[in-house]
Amino acid sequence: MARIDLQNLGHSYTPNPRSDTDYALKPMTHVWEQGGAYALLGPSGCGKTTLLNIISGLLTPSEGRVLFDGKDVTALPTEARNIAQVFQFPVVYDTMTVYENLAFPLRNRGLRGPAVDARVREIAELLDLTPDLKRRGRGLTADAKQKISLGRGLVRPDVAAILFDEPLTVIDPHLKWELRSKLKALHRALDLTMIYVTHDQTEALTFADKVVVMHDGRVVQIGRPDELFAKPAHVFVGHFIGSPGMNVLPAEVAGRAAKIGGHVIPLGRAYPPLNGGEKIEVGVRPEFATLAPAGTGVPVRVTRIDDLGRVRIAKVELSGLPMAATVPENLSVTGDEASLTFDPSMIHVYANGSLVEGE
Ligand code: ATP
């Protein structure tokens, strides 16, 4: 298993990039630890595939280097990188049995005998494929085939990393959840470095120890799922993760208070003077803005209540600024006048989109 260093790594599909906007991947430096389960998460076009293809060797970056365990692999083709890949669509040989399909990557590397048998049976067991080992690929369902593809990716114990490119896209929704948790368990059991590309936050959050959030060709945050939730490093992370996402409101911030729409709201930390012309916003997740009876907090107008089953979300306007808040179980909302109370420690301040650390 390898530690992956991305050093000043960037890519432009345009031959002579002149500005930031010419880069599909803006130059970045990151270290991904050996044995980590990373998810690359971001909307379509943010550069996930470009980054994955550079790591796998399908694409040579226009700038910077990729190192596996300190060794520069930037110029090496995919075959020479010792990685396994699982794609969106299953790669299964129809004429081979499930056993032979799983053994193929090992035999292809020259392995023979009991070691192959033991590993194939271990992986088959982990993926619940043991009863199917003698069946041929032809005739299996798309779900079963994708499980075999996952198994083929996981079977080699010596790979530097396994790269998954949206591997559950074609899987039936009821099986998705099961396979996601299984992949997580497999990661723990097999101690492999895994990189999993997806645009689906649930998929990323259930699979990964560390989520790499990408936006517009940049990595905007690398963090544990709970860190991305509690302290988004960028307003984009706040919007993209969570449902509904973080409220982002224009504000003036001075010391330990934010002025939003004319109302002063206490903050959990003190902030340095932010008057250098930056665009200042505060971010607060709906989970930390709670609806309360009128007259008990910051006045808001309720425009709608959505009952999501486990929780009710209120759409409100704070001095005309739309935002979402949580409705406590015991609150009955009558009329459109209400208040909001905030958890000050969970209000964050952003300058030009990036988190400002308070003191
Ligand atoms: P998706 O989830 O849709 O696959 P992505 O996050 O993987 O998107 P990329 O496919 O890496 O994003 O694309 C990043 C940017 O680079 C996009 O603006 C895309 O149009 C551009 N791009 C991707 N491949 C090429 C190419 N071969 N030539 C020119 N531009 C490209």
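This is a predicted model: local features need pLDDT of at least 70, side-chain atom pairs count only at pLDDT 80 or more; totals for chains, interfaces and linings use all residues.

Mentor: Two residues are in contact here if their C-beta atoms, placed from the backbone, lie within 7 Å.

Helix α4 covers residues 142–154, which makes 13 residues. From its first C-alpha to its last it reaches 18 Å, close to the 18 Å expected at 1.5 Å a residue.

Is α4 mostly covered or mostly open? It is mostly covered, with 11 of its 13 residues buried. Buried means that 20 or more other C-beta atoms lie within 10 Å of the residue's own. The buried residues of α4 are Ala-144, Lys-145, Gln-146, Lys-147, Ile-148, Ser-149, Leu-150, Gly-151, Arg-152, Gly-153 and Leu-154. An α-helix has 3.6 residues a turn, so residues three or four places apart point the same way.

What covers the buried residues of α4? The cover includes three helices, α2 (98–108), α3 (114–126) and α5 (173–190). It also includes two strands, β6 (83–86) and β7 (161–165).

Now the setting. The domain assignment gives domain 1 as 4–240 and domain 2 as 247–356. The C-alpha centres of these two domains lie 38 Å apart. Contact between them involves 7 residues of domain 1 and 8 residues of domain 2. On the domain 1 side, the touching residues are 4 nonpolar, 2 polar and 1 charged.

An unreviewed UniProt entry lists residues 4–241 as "domain: ABC transporter". That span is 35% helix and 23% strand, and its end C-alpha atoms lie 25 Å apart.

The model also holds a ligand. Around the ligand are Tyr-13, Ala-24, Gly-42, Ser-44, Gly-45, Cys-46, Gly-47, Lys-48, Thr-49, Thr-50 and His-199. By class, this shell has 3 nonpolar, 7 polar and 1 charged residues.

For the protein as a whole, the secondary structure comes to 8 helices and 21 strands. Of its 359 residues, 39% count as buried. Among contacts between residues at least 6 apart in sequence, 67% join residues at least 24 apart. The C-alpha atoms fill a box of roughly 75 × 50 × 30 Å along the principal axes.

Methods:
Residues are numbered from 1 along each chain as its sequence is written. A residue is near a molecule or strand if its C-beta atom, placed from the backbone, lies within 6 Å of it. Ala, Val, Leu, Ile, Met, Phe, Trp, Tyr, Cys and Pro count as nonpolar, Asp, Glu, Lys and Arg as charged, and the others, Gly among them, as polar. UniProt positions are given in the numbering used here, feature names are shortened, and annotations may be inferred rather than shown by experiment. Helices (H or I, at least four residues) and strands (E, at least two) are DSSP runs, numbered from the N terminus. A residue is buried if 20 or more other C-beta atoms lie within 10 Å of its own, exposed if 12 or fewer, and partly exposed in between; C-beta atoms are placed from the backbone. Domain bounds come from an automatic or database domain assignment. The expected span of a helix is 1.5 Å times one less than its number of residues.
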